[in-house]
Amino acid sequence: MLFQNARIENAAPSSFRVEDGKFTAIGPDLVPLPGEETVDLGGKLALPPFIESHVHLDTCLTAGDPVWNMSGTLFEGIECWSKRKDKLSPKDIRERVHRAVRLYAAHGVQFIRTHVDVTDPSLVAMETMVELREELRDTMDIQIVAFPQEGILSYPNGRQLMVDAVRLGADAVGAIPHFEFTREYSVESLNFALELAAKENKLVDVHCDEIDDEASRGLETVAARALELGLYDKVTASHTTAMHSYNNAYVVRLMRLLKMSRINFVSNPLVNTHLQGRMDTYPKRRGITRVKELCEAGINVSFGHDDIFDPWYPMGTGSLRDVVFMGLHVCQMMGYEEIMGAYKFITTNAAKTLHLGEEYGIAEGRPASFIVLDAEHYYDALNTNASVLASYKKGKKIAESTPGVSNTLF
Ligand code: FE2
């Protein structure tokens, strides 16, 4: 099948051929072979599929059930969740994850990295998610992080639960150093998590310093251990909101280590802006990590949604456009080229975070997975909240939309 007249990643119109689920040719001068089916993409923007690099599918779509978070704070969110947690069952998780995956798919997402709470002796969410990963494989690639919401050393039997979660089939090992009881526990939990990942050949994704406390310095330990254990870009530091509050002299020193370690960063602009800075009066911190400076240093950063309509974040439809839109505002990255290239936070940069390698990207020989947006380039797509007209996964169309039309009557 020949797809014609596509602007691939903001470039001039071009064509690409898909055979047996792979891209077999890409170029401006391709002509249909005898009898070949053609699709005219009308000069619209074609991108590799969107990637959600940080979300919690086990809590999604639970806002208001059984109670709403009235203050909007992290702490009330935890209280709300403790009331909802009693209702967790395989059936409940399956129903919500299926709904969330369909929301994401409608917005052009084909890959999701989900964190799953393993500070639960039953590990019911982890077991269910491992089943769902297989079940949904044809429409959504799901990576699972064993996420110790209540700590590894600070939760009863926390270490063993992490080991069990990895044996059940987690793709990545998590940690939550800023939530551990003490600084010593924090460092030890990171040593444990990264050594477990090295031993079991897993990826790492740490909820790292998700707090406004400038003394929260899990990041330096994550980076140092990633370097020393040779894990490098298999390791990701999510959130790192404390970095917003670090003093500049410390950040300059830290940057050297971050570059040497080659770790990835995931920032969650919607949730970080919503939840951080809550103890401040004025000035009130934005609570987002130093995305602009990390990018300028050549460090890989992707953006995630973190929560979708749950006790911690009361909005969300699975559209990563909202994430990028907020991210550019709050990080002050609204220069022309920054806007035009911002899709990389939820495509190629996120692919590096997820370690997708040759499985991802519009290039000959790779799986023919791509999306078509109702715009000519990403600047317009972002600004107009353009619909995802079509989403193809390995050559098969898995989602489509018809843009709504609004008319002025004057
Ligand atoms: Fe998170």
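This is a predicted model: local features need pLDDT of at least 70, side-chain atom pairs count only at pLDDT 80 or more; totals for chains, interfaces and linings use all residues.
Q: Which residues are the protein donors of the iron ion?

A: The donors are His54, His56 and His207, each through NE2, together with Asp306 through OD, and they lie 2.2 to 2.3 Å from the iron ion.

Q: And how are the donor residues spaced in sequence?

A: The spacing reads H-x1-H-x150-H-x98-D.

Q: Are His56 and Asp306 buried or exposed?

A: Both His56 and Asp306 are buried.

Q: Switching to the backbone, which residues does a cis peptide bond join, and where is Pro66?

A: Asp65 and Pro66 are joined by a cis peptide bond with omega of about 5°, and Pro66 belongs to the loop between β5 and α1. The bond from Tyr282 to Pro283 is also cis, with omega near -5°, and Pro283 sits in the loop between α8 (269–275) and α9 (291–296).

Q: What about phi at Asn5 and His239?

A: Asn5, in strand β1 (residues 2–8), has a positive phi of about 65° although it is not a glycine. His239, in strand β10 (residues 235–239), has a positive phi of about 75° and is not a glycine either.

Q: Is His239 buried or exposed?

A: His239 counts as buried because its relative accessibility is 0%, while Asn5, at 29%, counts as partly exposed.

Definitions and conventions: Residues are numbered from 1 along each chain as its sequence is written. Side-chain values use heavy atoms; hydrogens and water are left out. Donors are N, O and S atoms within 2.8 Å of the metal (3.2 Å for Na, K and Ca); water is not among the atoms, so sites may look incomplete. Buried means under 20% relative accessible area, exposed over 50%, partly exposed in between (1.4 Å probe, protein chains only). Helices (H or I, at least four residues) and strands (E, at least two) are DSSP runs, numbered from the N terminus.
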